[in-house]
Amino acid sequence: MTLPTGNPRPREGINASETSGLGEFALLATGLGLAGVILAVVLSVAAGLVAPLIPFSWEQAVAGPIATADIPAHPKARKALQQLANRLAAHGSLPPGMAIRVHLSSDEHPNAFATLGGNVIVTRGLLKHVSSENALAMVLAHEIGHVKHRDPLRTLGSVATFQVIWAAMTGSSGQSAATRILGSAGLMTQLKFSRDMEAAADRFALSVLRKTYGSDCGADEFFRNFHERHKQPAWSVFARTHPLTSDRLAMIRKATVHHPPVMLTPLPPAVAKLAKEPERLPGVGCVHSTQKLSSVRQ
Amino acid sequence: MTEFVNLTPYVIFIALMIVGFVFGRLAEKRHYKSIRRREDEYRDIVIIPSRQVPRQFHHYDGRMVQGSVVIAVDYFKVAVAGLRNLIGGRIASFESLLDRGRREAVLRVQEEARALDATMVFNLKFETSRISGHGRSKRWSVEVLAYGTALSPRNA
């Protein structure tokens with residue numbers, strides 16, 4: 001047997017191709033992105049058609065119980081919020097069987113969102129941005145509007161599609177991501193509603209506010225406070241589904257010019273206590289119960 | 001409500017992708033350059049996968065030599081592989097990683113063999129294992145181990 005005197009030079013390009021992977025990434029990202037968009041569109045159109053036919057109890061079953069990890073122990077404030085939501089729901093003529101469950105999150109970022117199963121989550125930070133029950137009611141009614149219109153169900157498919165692709169890119173397998181996302185659907189805070197859904201929820205909220213308080217005073221309060229305290233940096237709001245707060249403010253103001261100036265209802269005591277030092281910025285033409293009606297300049 | 005789409009995770013993702021791509025690519029190019037140079041350098045230490053040592057080497061000293069290397073995968077490669085996982089196919093970005101690992105491991109075997117004044121290495125074998133990150137993290141490293149029997153002529 002004769003043995004070689006030297007190792008052969010390995011042939012390149014057989015076991016590993018000399019590629020940066022950039023082309024492959026571009027191709028994969030574009031292809032899957034496109035497929036994802038198509039799937040998301042098909043799913044949301046289908047969901048839009050089917051959602052009204054799905055019994056609300058099914059939606060509740062999918063959502064499951066909301067994990068209480070994020071919910072602070074403020075039973076009184078939560079109860080007050082729940083009572084307010086029930087009152088608003090009654091004025092919003094929700095279909096029978098549809099119930100709103102309000103949750104209070106300890107998050108300091110002002111936010112509120114509706115998820116599957118009629119769950120509405122209000123952050124503690126939001127409470128600091130409202131000075132009256134009317135303003136709080138506007139936000140709650142907006143979220144109730146989403147529940148009534150079945151928006152969480154309608155956006156579930158497209159959101160799940162996006163999240164699977166995103167999870168695959170950032171390092172978990174698509175399947176485990178899908179299971180995780182759908183397994184915790186009740187806490188799905190990433191639901192993004194379309195502009196149309198938002199506008200419809202705003203209109204619903206205004207009508208509920210009028211029915212409940214006889215005026216839409218306070219409707220713009222949260223947005224104005226929010227707008228004044230948090231100028232949104234342009235880079236952070238790419239692809240927003242909500243109109244800019246300022247646009248929205250203008251829309252609400254336009255819709256509310258004819259309201260009679262009435263007394264704003266103060267926040268329920270438990271909520272006010274939790275909110276602490278809310279900024280006193282009542283809506284234009286609205287009066288706080290601590291002010292005199294005659295002091296209003298219009 | 002959900003007033004803004006929070007862009008922070010996406011910005012972080014893009015930054016990691018750029019860092020992963022730039023440094024991963026640099027490291028890979030440098031590594032391949034070094035691999036090719038050293039392969040030429042150690043060309044005379046012959047690697048033979050056979051288990052049977054031919055008769056003419058029976059009086060040689062046989063000693064175990066091993067070379068082991070751990071290579072980290074970069075963020076960019078993981079992202080490409082993640083997308084590839086959805087539809088199947090060759091994961092070229094990982095193939096080059098393993099190719100580098102195997103060749104580097106062989107080079108370390110040869111380096112050790114030379115230190116023993118060996119002229120050849122018999123019965124070369126490979127082992128590959130994944131060294132994964134903690135928990136759910138998919139920041140893998142891969143270990144490639146090559147080992148064999150170095151044959152060095154007896155001096156006496």
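Buried, in these legends, means under 20% relative accessible area, exposed over 50% and partly exposed in between, using a 1.4 Å probe and protein chains only. The model is predicted, so local features need pLDDT of at least 70 and side-chain atom pairs count only at pLDDT 80 or more, while totals for chains, interfaces and linings use all residues. Residues are numbered from 1 along each chain as its sequence is written, chains are lettered from A in the order in which they are written, and side-chain values use heavy atoms, with hydrogens and water left out.

**View 1. A hairpin in chain A, built from strands E2 and E3.** Strands here are DSSP runs (E, at least two residues) and helices are too (H or I, at least four), numbered from the N terminus. In E2(A), residues 112-115, Ala112(A) and Ala114(A) point one way while Phe113(A) and Thr115(A) point the other, and all are buried. Look across from Phe113(A) and you will find Ile121(A) in E3(A). The hairpin has 3 residues between its strands, and Gly117(A) takes a positive phi near 75°.

**View 2. Glu133(A) meets Tyr213(A) through their side chains.** Glu133(A) belongs to helix H5(A), residues 133-148, and Tyr213(A) to helix H8(A), residues 195-213. They sit 80 residues apart along the chain, with 9.9 Å between their C-alpha atoms. Their side chains make a polar contact at 2.6 Å (a pair of N or O atoms within 3.5 Å; within protein, one must be able to donate a hydrogen and the other to accept it, and residues adjacent in sequence count only if both atoms are side-chain atoms). Glu133(A) counts as buried at 7% relative accessibility, and Tyr213(A) likewise at 15%.

**View 3. The surroundings of Glu133(A) and Tyr213(A).** Contact means heavy atoms within 4.5 Å. Leaving aside neighbours within four places in sequence, Glu133(A) is in contact with residues including Leu84(A), Arg87(A), Thr265(A), Pro266(A), Leu267(A) and Pro268(A).

Key
Pairing = 2+ DSSP bridges.
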